[in-house]
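Here's a quick tour for anyone meeting this structure for the first time.

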Amino acid sequence: MIVSICGFNCSGSSAVIHLLKEYDETKIIDFECMILDLPDGIRDLDYCLHAGGGYFREDRAMLRFRKMVHNHRYIQKYSGRKADAITEQYLDKLTAVQWQGRSVYDYIYHDTAEKYLWYLRRLFEKIIYSGTKKRVGFTNRQMRMKAAGQDFYDVTREYMDKLICAFGGDLNKVTVMDQLIPPVNTEKYLKYVNNGKAIIVDRDPRDMYLNLHMGRDCNCVPLTAKEFVEYHKQWWESQETYRDSACVLYIQFEDLIYHYEETVAKIEAFLGLTKHSRKRKIFRPEFSINNTQIFRRVKGYENDIRYIEQELKDYLYPYPEGSIEKLSKEYKFEKTSLWKSGQS
């Protein structure tokens, strides 16, 4: 089984990853691998190969996918530099014919320096051809046309199995991936992996907002209260229809702390886990409780918090009465990176 632990920025999904490290039946791939949903990722490749139209779209999509994998430093690092070879095999299976040539649209996709170099090479090609009638191919590259009869999804699932094994995954265990599948339109992405499931982790927006302000590398999310509320509404409302199903489990980060036993039992039933041999050794709810109710302990954001409470009242977590007494009076947030799982 391949299970993706997915969440929204600072929603606490790493807590579930730390919990799952405590089980004998799990294997954790501990970096954010968003290859399915990244621009030029699997989802984009799927669309371009099945949208119809000329083969230039297919060729460009496969080129961009290969480039994305090659340039993704964490995919390269965690695969032991095997990702390029695995990807080349994958694209070959999707390809009916390939040749050395150039697209009439190649120059569009280069940045300024690459574009001028391409024009210079093209100029030399024309000069040489005008004098010798020989085609030298300075601007040539590998081009592809997809194989019409190939089952894209079977080939893609096989590719993902190989890539996940290169990351250190074990297909005979519950292999846990961080952010492999996005928290919206989740079920649409499950077709790209064999025996896939997803756990979506949500969190009180007041604490998410403060963590985004107190953390690093968070410019991908709006940081004013008004923009954050609109961002929250647009993203969260789009996933309302993708709550619990046979393959998707929705949980609250706070439930892992205030309703630990019940939430753990729900996760175990969902994934078929029974060997919790290191219980509370990695994920410790008595420690992680200090990552809740931050808005009651951090000063200077009172107006923002009131606005969020007014606009997002349906998303606020109902904290148990008296729970604030269990928290430390001060709060310090630490986040190492957007790509590595943080402390839960």
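Before we talk about partners: two strands count as paired if DSSP finds at least two bridges between them. Keep in mind that this is a predicted model. With that said, let's start with strand β6, which covers residues 196–202.

- β6 is mostly covered, with seven of its seven residues buried.
- In a regular strand, side chains alternate between the two faces of the sheet.
- Here, Gly196, Ala198, Ile200 and Asp202 point one way from β6, while Lys197, Ile199 and Val201 point the other way. Whichever way they point, all of these residues are buried.
- Strand β1 (residues 2–7) runs parallel to β6, and six bridges join the two.
- β6 also pairs with strand β7 (residues 248–252), again in the parallel sense, over five bridges.

- Now for some open space: the second largest pocket holds about 370 Å³.
- Its lining is made up of 15 residues. To find the middle, look for Arg60, Leu63, His110, Glu114 and Arg141, which lie nearest the pocket's centre.
- Helices α3 (55–71) and α6 (112–132) each supply at least two residues of that lining.
- What classes of residue make up the lining of the second largest pocket? Seven are charged, five are nonpolar and three are polar.

Notes
Residues numbered from 1 in each chain as written. Predicted model: local features only at pLDDT ≥ 70, side-chain atom pairs only at ≥ 80, totals over all residues. Heavy atoms only, no water. Buried < 20%, exposed > 50% of the residue type's maximum accessible area, 1.4 Å probe, protein only. Helix = DSSP H or I, 4+ residues; strand = E, 2+ residues; numbered from the N terminus. 1 Å grid on protein atoms, 1.4 Å probe; cavity = no way out; pocket = protein on both sides within 12 Å on 5 of 7 lines; lining within 4 Å. Points joined across faces, edges and corners; volume = space filled by probe spheres on them. Nonpolar A, V, L, I, M, F, W, Y, C, P; charged D, E, K, R; others polar.
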